[in-house]
Amino acid sequence: MDSKYNLIGNNKLNITKFKIKPKPTPVLFSKKNGPPSPKKIKLNENESNKSSYMNGNNKFKISIQEQRTKLPVYDKKNKLLDLIRRNNTLIIMGETGSGKTTQIPQYINAAKLQNEGRIGITQPRRVAAVSIAMRVAQEYGNGQQVGDTVGYTVRFEDVTSKRTKIKYLTDGMLLREAMFDSLLMEYTVIILDEAHERTIHTDVLFGIVKTAQKVREAKNFAPLKILIMSATMDVDHFSKYFNDCQAVYLEGRTYPVNIFHTVRPHDDYQTACVATFFKIHREAPANQDVLIFLTGQEEIEAVAHQIRLLGKDPEVEGPPIRVCTLYAAQPSTQQMSVFNPSPENMRKVIVSTNIAETSVTITGIKYIIDCGMVKARTYHPATGLELLKVQRISQEQAWQRTGRAGRESEGTCYRLYTRSQFEMMQKSTIPEIQRANLTSVALQLLALDIHALFFDFMDKPPEDAITAAFEQLKLLGAIDSVESTALTPLGEQMVKFPLDPRFSKILLSAHNFGCLEEVLTVVSLLSVESILLSPPNKKEQANSVRQKFFSAFGDHVTLLNIYREFSNVGQNMRGWCHEHYINMRNILQAREVRCQLEDICRKSGMTISSCGSQMDQVRKCLLTGLFMNVAELHRDRQYITLDKRQVVSIHPSSVLHGQQPHFILFTEVVQTTKCYLRLLSTVDSDWLYEIAPDYMRTHSIKCTKDS
Ligand SMILES: Nc1ncnc2c1ncn2[C@@H]1O[C@H](COP(=O)(O)OP(=O)(O)OP(=O)(O)O)[C@@H](O)[C@H]1O
């Protein structure tokens, strides 16, 4: 490859020119340059026989069983099984794509190490759990379907049977299972995969499985084996937490990945992504697919749109392009469609969030474009604000993204940041538990009779975050006092909903206001990505056609109005969504969530009541969960939050933008140049005293008079 090359040879594409230069010589994804390996036991038998299959172009010539024997873990199978047999807890580290997730559970099952129990393997995301289960079922062959020997369980979907021995599940699902059986007796082996991600659920599971193992041993129950796996993790830290357990490093990777960094930083990484994609597109043969990492839905749709548009330009060289998008808010069928191979002579490009960052193998992916950024949620206990912010990824994340290539053949990763930017990145991602609102976790632990302050966390969350969580649970009525280790009956009801406790409280309060029908809709719409489309060049048009839904009460009632009309359109859903600039996928997703929440309500014995057009009831009901999210307009025309006295502004996307109601309830805060409040409703100050008297009193909050 050239040492320096111009990304955009074709200025007609009208994309800013920039240069991207490989490191002096293209860097092989070797151990020296790859993520550092731990100095623990190395298993490295018979490496020399790998070269014969290092040509990925042969992949279609070898059977799936042959493919399995070519994976780096294959040679180490016996030694690995021996270590698993001898250790109750074992850390397994091996390069991305080496076969940890798909092979190790099969080896354990074949050796019957799990005895009568099951092998449970957690994944941070549902896409990974589902796609890997499908792959492993396929590897079993013999007409085996997912749900036979291999199955999966993700939120609202359980594809397992009595015959299932290997079960892939999201970490959130295993945590929910633990709430009903804290000893996790269904399993005799639990594999916590992608442990480096340190999701809040995985961090809580670390403590839960550790305790379950100890208690089961003390009670002479079937022993529980714990395996912790990743390609990129701080082994010493993990080993120390798991009572100085043994760690093993599986040497060897499947195929090399060439890594390139840009010569200079690129703030406009969206344009840089498009430019890099078209450089690849011009040069690479068809059926060599591309995976692009961006931060969120809006950005992804914008880049996907631009690629589709430019792809139609007759002057653009290259095969036809199939553009796919992948982000959390999509319905799962659509997410899974990215795994479908493209027809011959096409190029697939997948534009994704970090949802595809770990675990997954997408057939055909040869190139990665990594923008180097991620959208992360950060909670500030002092201000009480939870912010979604775009920030730099960690080096671990960069390696994981790189590792999505080189799985079936040699690959290339274009990093849209300079080498020195990479070196300045944090080594590991800060565990979510240290930067998230802990109210949900505190509630879940209480359901297990554990007080979060005394929980055995690998890295303790800040104490003020735990205190804030307990204060919030008390204000919501889930506990009687902040020292409490028991839930109130209301708290026990709240645990049943897979929602933030504030939203569970709203649903559970609905019978007092006779508006469960309406708040089910509002909460469902708030649980998915925005249903409103606002294309930059058609903003006014979109607003004018949606004007009829606008409510002076704010965004929640506006959303409700939209959903009500949508529910009545019948057959012509697509046309109606198109006409009103409504994202059909997201509104359908909201409908699916609504069905599931309604089901939980019915099972809890709640009556589905409706308040018709009495929107005061809906807004009051929202206040029962979100009373901590209220801002007041001050004389200088600035909004200040009642709780932590933060200066905030109404987001331009709100229907209340440009108006100045005295009190507003907000759903979330977004920080860009200022702190903006999104998804708002007007409320009366009297309601606050009526609905949250304790909160108003304990926080000495005094409202000025409504104007
Ligand atoms: N759906 C699939 N289609 C084709 N090949 C696959 C698929 N899933 C896995 N593979 C093959 O199996 C290999 C091992 O995948 P596996 O997920 O077990 O690796 P891993 O070590 O767990 O990787 P990571 O650390 O990235 O999760 C891949 O590199 C790829 O060659």
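How many nonpolar, polar and charged residues does the shell around the ligand have? I will come to that in a moment.

First, the model itself: it is predicted. The protein has 707 residues, and 45% of them count as buried. There are 24 helices and 24 strands. If we take contacts between residues at least 6 apart in sequence, 74% of them join residues at least 24 apart.

Now the ligand. The shell around the ligand holds two nonpolar, 14 polar and four charged residues. Of those 20 residues, the ones that come nearest are G97, T101, T102, T361 and R407. Helix α3, residues 100–110, gives the largest share of the shell, with four residues.

Why does the ligand lie between two domains? Domain 1, made of 10–38 and 254–429, gives residues to the shell, and domain 2, 51–250, does too, so the ligand lies between them.

Next, an annotation. An unreviewed UniProt entry has "domain: Helicase ATP-binding" over residues 81–251. That stretch of chain is 40% helix and 25% strand. The C-alpha atoms at the ends of 81–251 are 16 Å apart.

The largest nonpolar core has 186 residues. Which of its members touch the most others? They are C273, I292, A442, L507, V519 and I664. Take I664 as an example. With neighbours within four places in sequence left aside, I664 is in contact with V630, A631, Y639, L656, L677, L680, S681, T682 and V683.

Notes
Residues are numbered from 1 along each chain as its sequence is written. This is a predicted model: local features need pLDDT of at least 70, side-chain atom pairs count only at pLDDT 80 or more; totals for chains, interfaces and linings use all residues. Helices (H or I, at least four residues) and strands (E, at least two) are DSSP runs, numbered from the N terminus. A residue is buried if 20 or more other C-beta atoms lie within 10 Å of its own, exposed if 12 or fewer, and partly exposed in between; C-beta atoms are placed from the backbone. Two residues are in contact if their C-beta atoms, placed from the backbone, lie within 7 Å. A residue is near a molecule or strand if its C-beta atom, placed from the backbone, lies within 6 Å of it. Ala, Val, Leu, Ile, Met, Phe, Trp, Tyr, Cys and Pro count as nonpolar, Asp, Glu, Lys and Arg as charged, and the others, Gly among them, as polar. Domain bounds come from an automatic or database domain assignment. UniProt positions are given in the numbering used here, feature names are shortened, and annotations may be inferred rather than shown by experiment. A nonpolar core is a set of buried Ala, Val, Leu, Ile, Met, Phe, Trp, Tyr and Cys residues joined through C-beta atoms within 7 Å.
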